[in-house]
Amino acid sequence: MAIDLEQFKGIFFEESFEGLDAMESGLLEMNEGGTDLETVNTIFRAAHSIKGGSGTFGLGPITSFTHIMEGLLDEMREGKREATPEIINVLLESVDVLRELMTAFQNNEAPDVSHMEDLQKQLAAIRDSAAVSSAEPAQDSDSQDADESDEKETTVEGWNISFHPHEGLLKTGNDPALILRELGELGEITVEADDSHLPPLADMDPEACYLSWEIYLKGAIEQEQITEIFEWVEDDCDLELTPVYPARNKDDRRDEDRRVATSDDRRQENRRQEARRPNDKAPSKPATTIRVGTDRIDAIIDMVGELVITQSMLSQLGEDFDMSKLERLRDGLEELERNSRDLQENIMRIRMQPISFAFNRFPRVVHDLSQKLGKKIRLELVGEETEMDKTVMEKINDPLVHLVRNCLDHGLELPEDRIAAGKDDEGYVRLKAFHQGGNIVVEVSDDGRGLSRERILNKAIEKGLVKETDVLTDEAVFMLLFEAGFSTAEQLSDISGRGVGLDVVRRNIESLGGGVEVQSRFGEGSTFTIRLPLTLAVLDGQLFRIGGDTYVLPLASIVESLQINRDLLGGVGNDAEVYRLREEYIPIVRLSDIFSTGEHIDNLENALLVVVEWGEKHIGLLVDELLGQQQVVIKSLETNYERVKGISGATILGDGTVSLILDISGLVEISYSIRDAMKPRLAAVNGKSMA
Amino acid sequence: MSKVMIVDDMASMRKMVTFTLESEGHEVIEADDGDVALDLAKKENGINLVITDVNMPNMDGITLTGELRKLPAFKFTPILLLTTEGAKEKKMQGKAAGATGWLVKPFDPDKLLATAKKVLR
């Protein structure tokens with residue numbers, strides 16, 4: 001039977017990750033002392049389901065790992081084992097290990113099992129330690145199996161089966177007729193019914209079974225094949241199996257009339273089943289899925305309906321159009337615009353998910369870290385229902401974790417320090433999400449010690465990021481935290497200083513078209529604010545021309561556009577040009593060189609310069625002509641073609657032509673490499689304050 | 001062909017069972033816990049086979065089995081429990097509640113079809 005279950009793998013992974021999240025929050029709840037049975041049951045069910053599914057898909061390590069977890073959890077829910085903080089911590093770590101394994105399998109990578117094996121040992125140690133319940137006598141029946149297989153050397157000729165159902169057998173939905181039918185499939189059967197126990201009609205319970213059967217089954221049939229058929233009714237009947245051997249072998253058999261009671265041979269059956277692994281076909285990465293409420297789908301279907309109506313109205317109008325119908329055409333086109341805008345908005349909403357998906361991991365993070373750091377920390381989540389694009393959410397996960405860890409590690413003080421500072425010994429970290437214009441804002445704030453302007457400034461001077469003579473506002477000083485290579489922690493802790501600093505956080509957020517800022521009051525706490533576009537699928541773009549082609553720049557990155565005034569041009573070396581804009585020298589990037597249009601403008605007088613943000617700095621892009629601004633739908637270049645440096649994607653314009661969307665940091669790199677090829681780059685060009 | 005009800009809180013499991021049974025021409029209805037299944041059982045006619053997971057929120061499979069057996073239409077309907085190997089205690093509890101038999105996880109489509117054939121007339 002070629003039934004391909006591979007297509008269900010995606011759902012399984014998705015469900016399992018949800019299950020792991022549920023386990024995690026359940027375990028955290030238990031840790032706070034609330035061990036109610038339903039919580040334990042939920043955790044148990046998640047482990048159980050993951051185990052069941054992983055077996056189907058041949059994910060052996062997950063199956064064996066969850067098996068041990070399941071055993072422990074089962075003891076806990078039966079009240080045989082107490083949920084100590086140690087056990088909960090090991091189980092929490094197990095959740096992490098499962099996540100890792102699951103992710104590896106999902107990406108078709110070989111899982112790193114070292115961590116798992118380590119934890120598996122810990123779990124087994126706990127299980128074997130103060131086990132209140134007696135261990136399952138699993139070994140016993142194994143040795144029995146071995147004995148039996150030794151004896152089964154002589155082939156049987158047939159079996160005498162005596163089948164006496166109890167009166168209640170029918171009430172479990174089992175049917176002797178079906179059992180006999182199944183026996184008949186093993187070999188030729190001779191059946192004799194015994195109706196001697198039938199009561200008089202008046203006393204008969206129509207739902208009871210009064211008949212019994214003597215069956216002779218002919219053929220060299222294994223005993224397990226027969227017991228398997230009777231497996232479900234072994235407690236609802238008296239069953240005797242007697243092997244019948246060929247006559248000439250009779251003397252050899254000492255225990256010829258060995259009567260075998262319905263023995264439990266399930267273990268053998270199970271072993272056979274285990275051997276039959278699901279087909280390990282060429283693995284393909286399962287498609288990621290998203291859950292969408294049916295109301296959203298319904299809304300879209302409604303809108304498609306309206307669109308179809310508008311379309312048919314317009315095509316009718318087009319059949320015999322004359323100028324008298326111009327007004328109606330205009331109305332129709334307006335309607336069409338409205339329809340497509342609504343449709344666009346609603347389709348974008350499909351990708352929207354509540355930020356609680358990203359927030360949910362933080363109870364765990366805070367739990368683990370507050371233990372590790374010896375701090376008392378309360379986590380507050382605000383605006384969990386705020387929705388954002390799934391892709392954006394996946395990408396801000398790491399920056400968020402980084403910021404929260406940072407707050408816990410550096411921001412919040414130890415309980416004694418807090419008391420000394422006149423604060424409550426318990427500090428808080430608050431994650432707050434809300435919408436603001438076309439953006440989503442996520443704040444990470446704490447009531448810890450706040451940022452020290454002096455310490456940051458001293459460090460920045462020491463690192464050569466600023467000069468002692470520079471006059472900086474508080475905000476500007478705090479933003480230095482996000483500079484590459486800046487870290488105030490005297491020693492790198494394994495909590496926040498994992499070799500990546502806040503500069504990585506900023507870069508990640510900026511690559512999503514967002515920004516990050518920080519406010520802080522010394523002694524009172526800090527707030528990190530992340531601002532992100534609602535979606536990555538649509539972009540407000542500025543169209544412009546270079547040579548014969550139209551390109552798009554993200555509108556949000558443009559600071560201003562200007563015509564070059566010759567007097568403000570400066571040159572450093574032959575090709576490295578800078579433009580003086582107010583107090584800043586801005587490197588000029590000639591896009592015509594990067595895109596090799598073949599036109600080199602010698603006279604920059606009156607040429608158009610688009611000033612864009614490049615991290616903290618500014619860059620001037622030399623363009624031939626500025627065109628309109630419009631919303632563009634971003635198409636991935638990677639999926640449709642391949643990754644190209646300096647290009648973040650493509651879009652299709654109204655007239656059907658394809659236009660490339662520029663990626664500023666990529667362009668800057670290319671422009672430097674072009675320059676490097678001609679002449680060694682002068683470091684000064686890179687700096688922003690050249691005065 | 002027959003009408004089968006699959007009860008499981010894991011959508012992946014339900015989908016696999018449904019897919020497998022439908023490939024053999026059976027009609028399948030799905031329920032994601034015992035409560036839903038019991039409601040469906042009262043509404044739907046002619047269910048020939050119930051396959052239910054044991055561990056589910058709201059109402060577990062064993063309670064569901066007991067409740068189904070109280071309904072006249074389900075007095076003799078085969079009810080199979082989805083269990084993991086070696087869960088002897090669960091199997092016995094299930095039998096006591098009126099379950100016909102069990103299907104052992106991990107899910108194996110061939111095994112499911114063979115078992116369905118075994119209990120369907």
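**Group meeting: a two-chain predicted model**

Good morning. I begin with chain B, which has five helices and five strands. Please bear in mind throughout that this is a predicted model. Read from the N terminus, the elements of chain B follow the order β-α-β-α-β-α-β-α-β-α. Chain B contains 121 residues, and buried residues account for 64% of them. If we take the contacts in chain B between residues at least 6 apart in sequence, 61% of them link residues at least 24 apart.

Chain A comes next. Its secondary structure amounts to 22 helices and 23 strands. This chain has 691 residues, of which 43% count as buried. For chain A, among contacts between residues at least 6 apart in sequence, 70% connect residues at least 24 apart.

I turn now to the nonpolar cores. Which residues touch the most other members of the largest nonpolar core? They are B:Leu21 and B:Ile51, in a core of 68 residues. The element that gives the most to this core is helix H4 of chain A, residues 85-106, with eleven residues. As for B:Leu21 itself, leaving aside residues up to four places away in sequence, B:Leu21 touches B:Val4, B:His26, B:Val28, B:Ile51, B:Leu112, B:Leu113 and B:Ala116. Another core, of 47 residues, lies apart from the largest one. Among its members are A:Leu400, A:Val404, A:Ile440 and A:Phe482.

Let us consider a pair of helices in chain A. In general, the packing of two helices is described by the angle between their axes and the distance between those axes. Helix H10 of chain A, residues 294-319, packs against helix H11 of chain A, residues 326-350, at an angle of about 160 degrees, and their axes are 9 Å apart. Angles over 145 degrees count as roughly antiparallel, and H10(A) and H11(A) are therefore roughly antiparallel to each other. The crossing of H10(A) past H11(A) is left-handed. Sorted by class, the residues in the contact of H10(A) with H11(A) are 14 nonpolar, five polar and seven charged.

Is A:Asn406 buried or exposed? The relative accessibility of A:Asn406 is 12%. Buried means under 20%, so A:Asn406 counts as buried. Finally, A:Asn406 and A:Gly501 are separated by 95 residues in sequence, while their C-alpha atoms are 9.8 Å apart in space.

Thank you for your attention.

How values were computed. Residues numbered from 1 in each chain as written. Chains lettered and ligands numbered in written order. Predicted model: local features only at pLDDT ≥ 70, side-chain atom pairs only at ≥ 80, totals over all residues. Heavy atoms only, no water. Axes fitted to C-alpha atoms, helices over the stretch in contact; angles between N-to-C directions. Helix = DSSP H or I, 4+ residues; strand = E, 2+ residues; numbered from the N terminus. Parallel < 35°, antiparallel > 145°, perpendicular 65-115°, else oblique. Left-handed = near helix turned anticlockwise from the far one by under 90°. Nonpolar A, V, L, I, M, F, W, Y, C, P; charged D, E, K, R; others polar. Core = buried A, V, L, I, M, F, W, Y, C linked by side-chain atoms within 4.5 Å. Buried < 20%, exposed > 50% of the residue type's maximum accessible area, 1.4 Å probe, protein only. Contact = heavy atoms within 4.5 Å.
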